Amino acid sequence: MFIPHTDGERERMLHRIGIGSLEELFLSVPAEHRFPQLNLPPGLTEMEAVGELQGLAWGNENTRDLVSFLGAGAYNHYIPAAVDFILRRGEFYTAYTPYQPEVSQGTLQAIFEYQSLIAALTGMEVCNASHYDGATAVAEAVNMAYANFRGKRSKVLLSPALHPQSIETVKTYTTGSPIALTACEIEPLGDPDQLLPLIDNQTALVVVQYPDFFGRIFDYHNLAQVAHQAGALFAVAINPIALGILTPPGEFGADIVTGEGQPLGIPLSYGGPYLGLFATKTEYVRKMAGRLVGETVDNRGLRAYVLTLTAREQHIRREKATSNICTNQGLMALASTVYLSLLGKHGLKKVAELCYHKAHYAAEKIAEVKGFQVLTEQPFFNEFVVKCPKPAKEINADLLEYGILGGYDLEEAYGSIMERSLLVAVTEMNTREDIETLVDALAEVTHD
Amino acid sequence: MNIPNQLKYTSNDEWIKIDGNIGTIGITDYAQEQLSDIVFVEVVVSVGDQVSKGDSCATVESVKAAADVYMPLSGKVIEVNEDLAGTPEQINSDPYGAAWMVKIEISDPGEIAGLLDAAGYQKHIQEKG
């Protein structure tokens with residue numbers, strides 16, 4: 001439990017700095033801003049507050065009541081009941097790595113298992129204890145690559161088919177730094193080979209997404225090779241479910257793999273908390289941000305877990321650390337660990353196959369509806385781009401009347417170059433009937 | 001504690017061996033003892049770099065701390081100990097020999113007067129306690 005300062009302690013502190021009261025401490029804040037009128041309604045009882053919040057919650061639409069074809073980075077997958085049950089056990093139910101971590105062997109073991117699973121899934125050698133979400137993990141990859149070259153290479157190439165929110169987050173992280181981003185000036189739906197001529201000996205990192213934001217699956221062997229020939233690092237942002245059937249990035253030259261871990265047993269929850277996956281090669285481990293749990297033996301020769309290589313972290317290395325962030329999503333990492341353990345290798349493959357086949361069935365059916373065209377020509381995983389006969393925003397509003405949460409309106413992120421374009425996601429949660437309902441609804445809402 | 005007479009020192013626990021206009025740089029026996037078991041070293045300058053006195057030239061990491069190594073003098077880097085990264089424990093076992101880090105061509109001999117001699121360094125670490 002967190003125990004705040006006692007009155008006695010406060011008095012001693014105030015006395016030490018030579019002031020008489022806490023108010024004196026804030027005198028430099030202009031008086032009119034010191035105690036602003038908040039104009040709050042009177043307090044409620046717990047029962048009243050719960051009633052009010054419940055009322056607000058009922059105003060939301062949710063994926064239990066609607067049939068969802070919305071993805072764009074967050075996916076509606078089935079979450080086995082055991083995930084939540086284990087998560088809520090008192091021994092685990094904290095978002096924090098304990099301040100004396102080695103006392104909590106169970107927490108450390110869970111993180112170690114998580115790291116091992118993600119390393120195996122991505123084909124990488126080392127995985128940290130996680131970041132906030134997929135977007136911040138990409139930003140940490142950029143930080144790491146820049147640190148790896150000690151500032152001697154400052155160019156970072158972001159694929160235009162990277163999640164737009166990842167691009168935004170990288171921009172935020174690198175504001176005011178010497179890192180120069182190259183992104184988005186090229187056609188988002190183009191081929192990743194358009195990145196090739198942009199790679200040079202100033203490039204620290206090339207970042208692609210796999211499957212990309214539009215669901216497409218590309219073979220990145222060549223791109224990785226060209227990046228390496230120029231001396232740059234190569235990072236791949238993944239959807240972990242897709243790796244149930246796709247070649248792990250470690251096998252085609254990734255130096256860093258990041259990803260959004262939400263599909264692994266974490267609810268949509270209006271955007272968070274999610275889970276940032278981050279894995280790399282052993283040779284870069286000292287430049288990696290975040291916490292790292294290692295397995296060792298204690299003084300009796302028994303297996304034990306410790307936080308390791310902590311001299312990388314900002315509390316020791318201060319301003320020289322690659323990142324100022326060591327916070328991880330311990331609880332969400334545990335959820336993904338339980339999820340992956342329950343499904344196993346074959347279960348994960350099965351989920352990925354279901355997503356793949358159902359999405360392809362949906363694409364085939366939608367292409368048959370008059371006025372609709374599937375723009376995705378490449379192999380894709382569980383998401384594809386549909387050109388609609390009218391603005392996607394209007395289609396989505398109409399679909400809601402049918403109890404369907406439509407796709408992601410690409411015009412929202414990309415403007416008019418993506419007008420009337422809908423990104424449709426399909427998961428194992430969508431039945432054949434759901435897909436047929438969508439197809440019928442699309443025909444009805446667009447027929448003259 | 002070993003503080004060889006023929007070397008010069010900084011108050012930040014670097015040593016430099018001066019042969020004519022060539023300076024060889026490492027960290028002292030006292031520094032390695034304070035850091036304890038060294039598990040990682042990275043020289044952050046490259047051959048040909050012009051570096052100034054006080055610039056960071058290497059990072060050393062032990063099981064309990066990370067420390068920067070700074071240039072005792074200004075100059076041009078002419079050699080880097082490439083082997084050291086693979087055997088960082090040599091900083092503990094042979095800080096003045098195998099664990100040298102960087103060699104420079106000294107560009108401003110006037111700066112040498114600002115370094116400590118063995119007696120001065122001995123006094124400095126005694127005062128630090």
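These legends describe close-up views of a predicted model with chains A and B.

Because the model is predicted, local features need pLDDT of at least 70 and side-chain atom pairs count only at pLDDT 80 or more, while totals for chains, interfaces and linings use all residues. Residues are numbered from 1 along each chain as its sequence is written, chains are lettered from A and ligands numbered from 1 in the order in which they are written, and side-chain values use heavy atoms, with hydrogens and water left out.

**View 1. Chain A meets chain B.** In this view, 10 residues of chain A are in contact with 16 residues of chain B. Contact means heavy atoms within 4.5 Å. The two chains bury about 950 Å² between them. Of that area, 40% is on carbon and sulfur atoms. Buried area is the accessible area (1.4 Å probe) that two parts lose on being put together, summed over both. Four salt bridges are found across this interface. A salt bridge is a side-chain nitrogen of Lys or Arg within 4 Å of a carboxyl oxygen of Asp or Glu.

**View 2. Arg150(A) pairs with Glu42(B).** Their side chains form a salt bridge of 3.3 Å, N to O. Arg150(A) lies in the loop between helix H7 (134-148) and strand S3 (155-158) of chain A, and Glu42(B) in strand S4 (residues 38-43) of chain B, so the pair joins two chains. Helices (H or I, at least four residues) and strands (E, at least two) are DSSP runs, numbered from the N terminus. Arg150(A) is partly exposed, at 31% relative accessible area. Glu42(B) is buried, at 14%. Buried means under 20% relative accessible area, exposed over 50%, and partly exposed in between (1.4 Å probe, protein chains only). A network of salt bridges links Arg150(A), Lys287(A) and Glu42(B).

**View 3. Lys152(A) pairs with Asp49(B).** The closest N and O atoms of this salt bridge are 3.6 Å apart. The pair crosses between chains. Asp49(B) sits in the loop between S4 and strand S5 (50-51) of chain B, and Lys152(A) in the loop between H7 and S3 of chain A. Both ends are partly exposed: Asp49(B) has a relative accessible area of 24%, and Lys152(A) has 41%.

**View 4. Asp84(A) and Arg88(A) form a salt bridge in chain A.** The N to O distance is 2.8 Å. Asp84(A) is partly exposed, with a relative accessible area of 37%. Over all chains, the whole structure holds 19 salt bridges.

View 5. Cys388(A) has 1% relative accessibility and counts as buried. Cys57(B) is buried too, at 0%. The structure holds zero disulfides over all chains. A disulfide is a pair of cysteine sulfur atoms within 2.5 Å.

**View 6. Helix H12 of chain A has a buried face.** The helix covers residues 392-401, and its buried residues are Ala392(A), Ile395(A), Asn396(A) and Leu399(A). Seen down the axis, they fall within an arc of 100 degrees, so they line one face of the helix. The arc is that of the directions from the helix axis to the C-beta atoms. An α-helix has 3.6 residues a turn, so residues three or four places apart point the same way. Lys393(A) and Glu401(A) are exposed on the other side. The buried residues pack against strands S13 (404-405), S14 (408-409) and S15 (421-425) and helix H14 (432-446) of chain A. Just after H12(A), Gly403(A) takes a positive phi of about 75 degrees.

**View 7. Helix H6 of chain A spans 26 Å.** H6(A) has 18 residues (105-122), which should span 26 Å at 1.5 Å a residue; the end C-alpha atoms are 26 Å apart, which agrees. The expected span is 1.5 Å times one less than the number of residues. Buried residues of H6(A) include Leu108(A), Ile111(A), Tyr114(A) and Ile118(A). Gly123(A), just after the helix, takes a positive phi of about 75 degrees.

**View 8. Ser421(A) is buried in strand S15 of chain A.** Its relative accessibility is 1%.

**View 9. Val80(B) lies in strand S8 (residues 75-80) of chain B.** Val80(B) counts as buried, at 12% relative accessibility. Val102(B) is 22 residues away in sequence, but 4.7 Å away in space, C-alpha to C-alpha. Leaving aside neighbours within four places in sequence, Val80(B) contacts Val43(B), Val45(B), Val47(B), Trp100(B) and Met101(B).
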